[in-house]
Structure formats: C-alpha cells, structure tokens
Amino acid sequence: ATALASFGAFVRKFVPYFHDDEVFLSLHISWLFFRQLVLYHHPDLHNQLEEAGISPFIYATPWFMTALSSRTPMQVLLQLWDRCIAR
C-alpha cells in the first residue's frame, strides 16, 4: 500500500492533469510546448520531423503519459526520476 501511495504522489506531482479531462487539454498544451522546445534547441530535428509529418503527438505521448517510463531503460529511468525528485 505504501508503494502505491508513493507512486500516486509521484504521478500527481510530475504528471499532473494529463488524465483529468476527456479532451486531455493539458496534454495538448504539453505537445505545443514540447514542439517549441524541440524547435528552439534542435531546429534541424524539428524541421525534419515536421517535413515527415511526425508530430509530438506520435512520439511524445507515451513519454508524457508514463513519466518517461514507457520506453526508457530502467536504470536510466530511475536516475532521471531521482533527479526530478531531488529538485
């Protein structure tokens, strides 16, 4: 029960609001912000993805919905989560 409560607190803090409404408005806003971050930090990658018709919806949704756990190796994921929690 403690592990489940801890995970619930983690999700509420680091993946807030994504599951709160039927239209996933906060998830859509996150895609827009993420698209801008990729454009700012990696414009060539952004342009290549846009030209190929690949939106953040396709590649970022699993990351956002699972706090990066869907496709990240466990050792890397735990290090990343540790850094997030430490902040």
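Residues are numbered from 1 along each chain as its sequence is written, and side-chain values use heavy atoms, with hydrogens and water left out. Because the model is predicted, local features need pLDDT of at least 70 and side-chain atom pairs count only at pLDDT 80 or more, while totals for chains, interfaces and linings use all residues.

The protein chain contains five helices and zero strands, in the order α-α-α-α-α from the N terminus on. Helices (H or I, at least four residues) and strands (E, at least two) are DSSP runs, numbered from the N terminus. The C-alpha trace spans about 45 × 30 × 20 Å along its principal axes. The accessible surface of the chain is about 6,800 Å², as given by the Shrake-Rupley method with a 1.4 Å probe; for residues, only the protein chains shown count as cover. Carbon and sulfur atoms account for 64% of that surface. Of the 87 residues, 24% are buried; buried means under 20% relative accessible area, exposed over 50%, and partly exposed in between (1.4 Å probe, protein chains only). Among contacts with a separation of 6 or more, 49% join residues 24 or more positions apart, where contact means heavy atoms within 4.5 Å.

Helix α2 (residues 25-41) and helix α3 (residues 43-51) have axes that come within 5 Å and cross at roughly 125 degrees. This makes α2 oblique to α3: angles under 35 degrees count as roughly parallel, over 145 as roughly antiparallel, 65 to 115 as roughly perpendicular and the rest as oblique. The axes are lines fitted to C-alpha atoms, for helices over the stretch in contact, and angles run from 0 to 180 degrees between N-to-C directions. The contact involves R35, V38, L39, Y40 and H41 of α2, together with P43, L45, H46 and E50 of α3.

The structure holds one salt bridge, defined as a side-chain nitrogen of Lys or Arg within 4 Å of a carboxyl oxygen of Asp or Glu. R35 and E50 form it, with the closest N and O atoms 2.9 Å apart. The pair links distant parts of the chain, R35 in helix α2 and E50 in helix α3, 15 residues apart. Both partners are partly exposed, R35 at 25% relative accessibility and E50 at 35%.

Helix α2 also carries L25, which is partly exposed at a relative accessible area of 49%. L25, I29 and F33 form a nonpolar surface patch with about 310 Å² of accessible area together. Patches are made of residues with over 30% relative accessible area and no salt bridge; like charges are joined within 9 Å, nonpolar side chains (Val, Leu, Ile, Met, Phe, Trp, Tyr) within 5 Å.

V15, in the loop between α1 (2-14) and α2, is buried at a relative accessible area of 5%. Leaving out residues up to four places away in sequence, V15 touches F10, F64, M65 and A67. The C-alpha atoms of V15 and L27 lie 9.8 Å apart, at a sequence separation of 12 residues. R71, in the loop between α4 and α5 (74-86), is exposed at 61%. The C-alpha atoms of R71 and C84, 13 residues apart along the chain, are separated by 18 Å.
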